[in-house]
Amino acid sequence: MSHNPRQKSVQSFSRRAALGLLLGGAAGAAMAQSAGVPVVTSSPYPIPRPKDLHKMSVPSGEALIKASKISGAVSYAVANEAGEILEAHGPVLRLPPASVAKVITAIYALENLGGDFTFATDVFATGALVNGVIQGDVILAGSGDPTLDTDRLGDLAGQLAGMGVTGVTGKFYVFGAALPRIEHIDHQQTEYAGYNPTITGLNVNYNRVHFEWKKRGDAFDLVMDARAKRFAPKVRIAQMKIADRGLPVFDHTAGVGRDDWTVSRSALGNGGARWLPVRLPALYAGEVFAAVAGGQGVSLPNPERLEVLPANVMRLAQLQSIDLTKIVRDMLKYSTNLTAEVIGLAASRKRGLDPMDLRSSAQAMSLWAKDRLGVRHVDFVDHSGLGGASIVTTSDMVRLLSAKGIEPLIGPLLKPIAARDGDYNVIKSPDIDIHAKTGTLDFVSTLAGYVTAPDGQRLTFAVFAADLSARTAAKAQGNEVPRGAKTFNTRAKRLQQAMIRRWAVVYGS
């Protein structure tokens with residue numbers, strides 16, 4: 001056999017070159033060069049990028065939660081248009097929904113009352129109208145209209161004036177028993193929280209009275225009125241006095257036929273204003289109606305409550321509310337608690353129930369949601385979400401919003417939510433569209449609804465954050481704004497936006 005030294009050398013170099021290419025990096029290149037083989041340090045052909053490379057750079061949900069530094073628990077779920085869960089974290093944690101509960105109340109009311117349902121407020125008489133004077137009693141009767149305000153009572157009084165009514169021989173009654181009287185929505189709230197009023201079948205200005213104070217020298221001018229855009233009558237049923245104390249800022253005592261309030265002098269400053277809850281709503285409505293009627297030439301005596309509406313009465317005037325669809329849209333936009341409770345109670349009554357408190361009506365809604373929408377872990381104590389004892393899971397919230405026929409019903413009524421970037425600045429020309437309901441309690445922040453991704457896909461989502469131990473401690477202190485609550489809320493809202501941005505990229509592009 002012949003021996004060729006050159007062939008042996010080439011074989012040796014080839015083995016060393018191959019080893020260098022396998023090793024890669026500086027060591028591999030040096031070995032290849034020492035073998036006399038040209039080294040290519042970059043590919044002459046472009047390497048195709050992985051199809052989903054942009055998705056690989058998106059932080060995971062767990063990473064976003066960790067980065068948020070939120071105390072307590074976080075739960076989320078997101079589903080595609082078919083209702084299939086795409087991603088979840090703690091999906092069966094039972095957490096307070098806060099005002100996200102209003103979404104379920106809205107569906108409950110729309111399906112049981114109908115979108116064209118309206119509330120009526122009537123003026124009845126027990127006798128005939130003779131020469132401008134009603135021969136008998138006058139009754140202002142409500143059915144619970146949560147949108148009734150001073151201006152609309154002025155319109156109702158205008159109907160009487162237009163008929164030539166100038167007075168009455170009998171009494172002036174107010175009837176608010178169409179719905180049960182409920183002293184508070186949630187007993188854990190501060191006494192002076194305007195979003196926690198008393199509820200009856202006759203509600204005006206969301207059952208709030210406007211308190212304004214102005215400093216004049218060493219004294220203050222105090223005014224309690226029922227202001228709206230066109231009318232602002234002063235009221236006597238709610239009265240305020242200054243007390244020389246520190247806390248509480250406001251204190252309330254039920255007087256004889258009126259609400260007696262006191263306010264801490266040290267909290268007044270030079271002036272200000274705020275809305276306070278009304279604890280005698282029917283009488284408040286009666287006083288306001290008498291005031292706006294008097295301004296139009298219709299004289300009425302002081303109102304008295306009526307528990308049973310007489311059978312033989314004559315309707316003199318009537319106001320119809322806007323339809324329920326518009327009421328729901330406004331409720332979801334402004335998150336009005338009284339509206340949620342009223343439409344929830346009305347829906348329960350339409351179903352043939354007779355709830356005498358919020359809990360029993362809310363329990364009926366919980367059972368309905370389980371039967372109609374297929375949810376499993378819901379338990380409501382009211383219809384507004386103000387009570388922190390209500391619970392729902394994010395998986396059930398997504399299941400509910402994904403149920404057949406629900407998105408066409410509730411989606412158009414949800415509030416648009418501004419998309420924000422990583423610095424929480426509003427994105428001026430976002431490529432995603434968010435419609436959802438927010439919810440906020442002390443140390444509870446929630447968001448649920450729909451997001452349209454850049455490719456047009458519709459995703460259903462829910463994100464809840466709650467630090468229940470911090471909430472319990474805060475309630476024990478009784479402060480209106482507990483320390484740490486704002487920081488918690490800010491972090492939770494940033495996380496909600498970060499999660500939505502993640503889903504829009506990972507599942508919708």
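1. Helices here are DSSP runs of H or I with at least four residues, strands are runs of E with at least two, and both are numbered from the N terminus.

2. Before going further, please note that this is a predicted model, in which local features need pLDDT of at least 70, side-chain atom pairs count only at pLDDT 80 or more, and totals for chains, interfaces and linings use all residues. Residues are numbered from 1 along each chain as its sequence is written, and side-chain values use heavy atoms, with hydrogens and water left out.

3. Helix 4 covers residues 61–68, and its buried residues are Gly61, Leu64, Ile65 and Ser68. They fall within an arc of 100° seen down the helix axis, so they line one face of the helix; the arc is taken from the directions from the axis to the C-beta atoms. The face turned away from the buried side carries exposed Lys66 and Ala67. Buried means under 20% relative accessible area, exposed over 50%, and partly exposed in between (1.4 Å probe, protein chains only).

4. What do the buried residues of helix 4 pack against? Their partners are strand 1 (73–79), strand 2 (85–89) and helix 14 (485–506), where contact means heavy atoms within 4.5 Å.

5. Helix 5 is mostly covered, with 11 of its 13 residues buried. Its cover includes helix 8 (324–334), helix 9 (337–350) and strand 20 (433–441). Gly114 follows helix 5 and has a positive phi, near 95°.

6. The largest nonpolar core has 59 residues, and Val328, Met397 and Ile410 have the most contacts inside it. Helix 5 (residues 101–113) gives the most to this core, with nine residues. Such a core is a set of buried Ala, Val, Leu, Ile, Met, Phe, Trp, Tyr and Cys residues joined through side-chain atoms within 4.5 Å. Leaving aside neighbours within four places in sequence, Ile410 touches residues including Val103, Leu110, Val328 and Tyr450.

7. Apart from that core lies another, of 48 residues, among them Phe172 and Met240. Phe172 belongs to strand 8 (residues 172–175), where Phe172 and Val174 point one way, Tyr173 and Phe175 the other, and all are buried.

8. Strand 8 pairs in the parallel sense with strand 6 (residues 138–142) over four bridges, and with strand 15 (residues 303–306), also parallel, over four bridges. Pairing requires at least two DSSP bridges between the strands. Phe172 is the bridge partner of Val138, while Leu306 is that of Phe175.
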